[in-house]
Structures are given as C-alpha cells and as structure tokens.
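Hi,

Here is the structure I promised to pass on to you. Please open it alongside this message, and I will go through what turned up.

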Amino acid sequence: MAASSSSSRATATCASEKSEKKVDVEDMEDRSETAEGGSFASLGVMDVLCEACERLKWKTPTKIQRESLPHSLQGRDVIGLAETGSGKTGAFAIPILQALLERPQRLFALVLTPTRELAFQISEQFEALGSTIGVTCAVVIGGIDMMTQALQLAKKPHVIVATPGRLVDHLENTKGFSLRALKYLVMDEADRILNMDFEAELDKILKVIPKERHTYLYSATMTKKVAKLQRASLKDPVKVEVSSKYDTVEKLQQYYIFIPAKYKDCYLVYILNELAGNNFMVFCSTCNNTQRVALMLRNLGLTAIPLHGQMSQSKRLGTLNKFKGKSRSILIATDVASRGLDIPHVDVVVNFDIPTHSKDYIHRVGRTARAGRAGKSITFVTQYDVELYQRIEQLIDKKLPLFPTEEPEVMLLMERVTEAQRFAKLEMKDLEDKKKGRGRGVEDDSEDAVGIRKKLKISHRGGKR
C-alpha cells in the first residue's frame with residue numbers, strides 16, 4: 001500500500017476537510033459526558049488517531065470505548081453489548097484503523113450492518129477518522145447499481161461497509177472480487193441483522209472469509225441467535241457489557257396516552273401542536289401508514305416527511321438530510337430509522353403505532369435524549385394495544401405516567417383532521433395509480449404529492465359530481 005497510501009494521502013487533505021465538516025455538522029456519534037473518561041491516548045490509541053478524535057470533538061472515550069479498546073487494541077475478539085447511541089462505531093473503527101496503520105493492506109476490514117442508512121453513517125465515520133491517513137471506504141448496499149459498486153470494489157478499498165444481501169450478490173457475481181485476505185470482520189447491530197433473516201447470507205460470508213481474522217460483534221440485545229452467532233464466529237472473545245438490563249436513558253421523560261383507535265390522528269395533531277417548536281420522530285408500523293400520516297399532516301400545513309423501506313435509496317437519504325438540516329421538523333418513520341441513526345436534534349419520539357417487539361421500544365425512544373441531552377417519548381396505547389404496552393412496562397421495569405391532554409381541545413380538531421384524512425386517502429390512491437402506470441421508481445416522499453395541484457384536482461372531481 002506504500003505507493004497507493006501516498007497517492008491516497010495527496011487526495012486525503014481535501015477529502016479530510018470535506019469529511020471533517022460533514023461529521024462536525026452532524027455530530028455523528030454520541031459522546032458521553034462523563035468526567036471519569038480519561039483520554040484515548042491512555043487506552044493505547046496512536047497519536048494520529050487521537051488527533052482525529054479531537055477533530056471530531058470526541059473529547060473522552062464513551063463507556064463502551066473505555067471497556068473495549070484496551071482488549072481490541074491487543075488483538076482480542078470482542079463481543080460488545082451496549083445500548084443504542086453509546087459510541088459503538090468508534091469502539092470498532094479505532095482498533096481497525098490502528099491495525100491498518102501498522103500493517104497496510106487493501107480489503108482490510110468488512111463491516112456488516114442491517115440497514116442502508118447505517119452503512120453510510122459508519123462509512124462517514126471511518127473516512128473522517130482516517131482522513132489524514134488516506135483511508136478509502138466502499139458502501140455496498142441494495143438500491144444502488146451493482147456495476148457502480150463493482151467498479152468501487154475493483155479499486156480495492158481498505159474498508160467495506162455492507163448489508164449482507166448485497167455483499168453476497170457481489171461475492172457470487174462480481175468477477176475478481178474476493179475477501180480471502182480480510183483481516184477484520186465487524187457485525188454491527190447483530191441482533192437486528194439476525195432478526196431480518198440474514199442468517200443464510202451470514203453463513204455464506206463466514207465461509208468465504210479467512211478463519212484467521214479478528215472479529216467484533218456488537219449488539220444492543222443478547223438474543224439466543226446472537227449467542228449462537230458468537231459461538232460460530234468469534235475465538236475466545238472478551239465480553240464487554242455496558243448495560244445488562246434493558247435501559248432507557250435517565251434524561252428521557254417517558255409518557256403514554258390511552259385513547260380510542262379512531263382518534264389517533266386527532267391526538268397526534270394535538271400533541272404536535274402542543275409541543276410545537278420541537279423536532280419529532282413519529283414511528284408507524286407499516287410503510288403505508290407512514291406515507292398516509294405524512295400526507296395527512298402536510299395537508300394540515302405541518303412540515304412532515306416520511307422515511308420507509310419502499311422509498312428509493314436516494315429519496316431515503318434526501319429525507320434524512322432534510323430532517324438533519326432542520327428544514328423539516330417531523331420525520332414519520334418505520335423501524336428502518338429506529339436503530340443506529342444519530343440525528344442529534346430529536347426532541348420528541350412519538351410511538352404512533354406501538355412496537356410489536358418490546359425491545360424495539362428501547363431503540364425507538366433511543367433516538368432522543370442522546371449524548372446527555374434531555375428528551376421526551378409518548379406512546380399511543382389504544383384498546384387493541386394493552387397487552388403489548390404491558391410487555392414494554394415489564395421490560396423496562398417502569399410504570400409510565402399519563403401524558404396530560406385536554407379532550408375537548410382534541411375534539412375541536414376533528415373536522416380539520418377528517419378533511420386532511422380524506423385528502424391523504426385520495427393522494428395515496430393517486431400514488432398507487434402512478435406506480436401501476438409507470439412501474440417502480442415513483443415512490444413519493446409526499447413533498448410533491450401535496451399542494452394546490454392536488455387540491456384543484458380534488459375540487460375538480462367534486463365539481464363533476
């Protein structure tokens with residue numbers, strides 16, 4: 001890598017400025033604000049990486065970093081159990097980059113992650129940390145052209161960040177691409193990877209990478225599947241556990257409201273108005289409901305934007321950037337956005353549809369009250385959700401207080417909300433017709449779907465009758 005490293009270094013200075021700026025703005029990974037943190041140098045991190053941490057404003061190591069770095073820097077396999085937003089990415093990126101500096105090599109590390117957005121976020125972190133040493137990264141995910149990715153892989157980047165399905169496609173179909181020289185494997189959010197039924201893909205990947213390698217497995221929860229994966233893929237690992245019970249952050253104020261299912265939309269609008277001025281993440285259980293709620297809120301003049309799995313990759317990234325850039329204050333999302341994404345300014349999380357898996361509640365509410373900031377979460381409980389809600393209370397070992405609402409005020413919104421629901425229904429039907437007419441690729445982020453054009457169309461239809 002000597003020649004390639006020097007050429008990489010030449011391009012790295014402008015790339016470093018770009019990466020640095022990007023990560024500064026997004027404040028990418030959570031830093032814990034603990035006084036007992038010590039320094040990265042005291043954990044054995046090289047000076048050049050300590051400087052990179054300083055540039056990213058990582059002043060002290062987080063708890064998971066303090067516990068895991070001494071072992072991973074000595075070359076041990078690590079299984080890390082840490083709640084979402086605890087600085088896991090830094091915990092595996094730093095030892096990989098340090099080893100890469102000592103033994104430069106292409107196709108050095110592979111990071112597997114469950115979602116596309118998380119893959120981009122991890123790649124940005126690697127590039128920011130390694131900006132001064134010319135580290136190259138490739139993101140290999142679905143929803144993006146295979147040929148473009150094959151060209152990236154042909155350049156042999158140092159680090160590949162991938163979702164398992166698309167990586168297997170390349171291993172089977174891209175000529176000349178192999179991971180036989182791989183030195184590091186990271187499985188991030190392993191419990192989620194396994195929940196998404198990527199077991200067959202993981203088996204295929206584990207078969208084609210070297211047995212002699214370093215492996216890091218990070219997970220928020222220790223499920224039976226994760227324990228089985230640990231036995232299959234790690235050698236004599238050090239187990240680092242930051243939170244043994246299912247914790248929610250101390251500074252998070254958690255509430256619930258108990259309401260009839262037919263008034264959910266009204267109560268959502270009421271809460272968004274009551275807490276106006278905050279940034280919201282509203283979680284729905286399906287892509288369809290996400291789109292419907294976003295359209296309904298936009299019809300009421302609220303700056304809502306959806307994020308779900310049926311949107312194209314460019315739309316999903318565009319949505320995230322609008323929300324991060326604060327040009328939209330309400331993100332309506334499925335569980336695609338409940339893990340790993342670090343959006344520093346979420347003030348309120350609303351569980352509009354209660355999660356069917358209690359553990360997903362931890363990840364959803366983990367989007368707020370990050371890095372020592374305060375936050376609120378409000379869970380909607382209807383007559384059909386009582387059992388699911390009781391399971392959540394059992395899991396977190398807390399009885400949540402009722403969020404105060406004024407029913408007469410909520411009912412005053414009924415007429416406007418019903419009209420907005422009607423518009424949203426017509427717009428959803430219109431989107432469906434468009435999709436059928438033109439095939440895939442007409443996923444709408446609801447920005448274009450709402451406006452005078454629509455209202456005119458609707459009034460025109462009304463006139464025909």
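Axes here are lines fitted to C-alpha atoms, for helices over the stretch in contact, with angles running from 0 to 180 degrees between N-to-C directions. Helices (H or I, at least four residues) and strands (E, at least two) are DSSP runs, numbered from the N terminus.

Before going further, a word on the source: this is a predicted model, in which local features need pLDDT of at least 70 and side-chain atom pairs count only at pLDDT 80 or more, while totals for chains, interfaces and linings use all residues. Residues are numbered from 1 along each chain as its sequence is written, and side-chain values use heavy atoms, with hydrogens and water left out.

Back to the pair. α3 passes α4 in a right-handed crossing (left-handed if the near helix is turned anticlockwise from the far one by less than a right angle, right-handed if clockwise). On the α3 side, Ile 64, Gln 65, Ser 68, Leu 69, Ser 72 and Leu 73 meet Lys 88, Gly 90, Ala 91, Ile 94, Pro 95 and Gln 98 of α4; contact means heavy atoms within 4.5 Å.

Ser 72, in helix α3 (residues 63–73), counts as buried at 2% relative accessibility. The cut-offs are under 20% relative accessible area for buried, over 50% for exposed, and partly exposed in between (1.4 Å probe, protein chains only). Setting aside neighbours within four places in sequence, Ser 72 is in contact with Val 78, Ala 91, Pro 95 and Tyr 216.

α4 has other partners too. With helix α5 (residues 116–129), helix α4 (residues 88–102) packs at an angle of about 45 degrees, the axes being 10 Å apart; α4 and α5 are therefore oblique to each other. This crossing is right-handed. Thr 89, Gly 90, Phe 92, Ala 93, Ile 94, Ile 96 and Leu 97 in α4 meet Ile 122, Gln 125, Phe 126 and Leu 129 in α5, giving eight nonpolar, three polar and no charged residues.

Helix α2 (residues 47–55) also packs on α4: the axes cross at roughly 140 degrees and come within 10 Å. α2 passes α4 in a right-handed crossing, using Val 48, Leu 49 and Cys 53 of α2 against Ile 94, Leu 97, Gln 98 and Leu 101 of α4. The residues here divide into six nonpolar, one polar and no charged.

Which residues have the most contacts inside the largest nonpolar core? They are Ile 94, Phe 126 and Leu 129, in a core of 44 residues (a set of buried Ala, Val, Leu, Ile, Met, Phe, Trp, Tyr and Cys residues joined through side-chain atoms within 4.5 Å). α4 gives the most to this core, with eight residues. Beyond its neighbours within four places in sequence, Phe 126 is in contact with Phe 92, Ala 93, Ile 96, Leu 97, Val 111, Cys 137 and Val 159. A second, separate core has 37 residues, including Val 269, Leu 272, Phe 380 and Ala 420.

Two loop residues may interest you. Lys 57, between α2 and α3, has a phi near 65 degrees, a positive value in a residue other than glycine, and is partly exposed at 46% relative accessible area. Glu 189, between β5 and α8 (190–195), has a positive phi as well, near 50 degrees, but counts as buried at 2% relative accessibility.

As for the whole protein, there are 18 helices and 13 strands, and buried residues make up 55% of its 465 residues. Of the contacts with a separation of 6 or more, 79% are between residues 24 or more positions apart.

Note on methods
Angles under 35 degrees count as roughly parallel, over 145 as roughly antiparallel, 65 to 115 as roughly perpendicular and the rest as oblique. Ala, Val, Leu, Ile, Met, Phe, Trp, Tyr, Cys and Pro count as nonpolar, Asp, Glu, Lys and Arg as charged, and the others, Gly among them, as polar.
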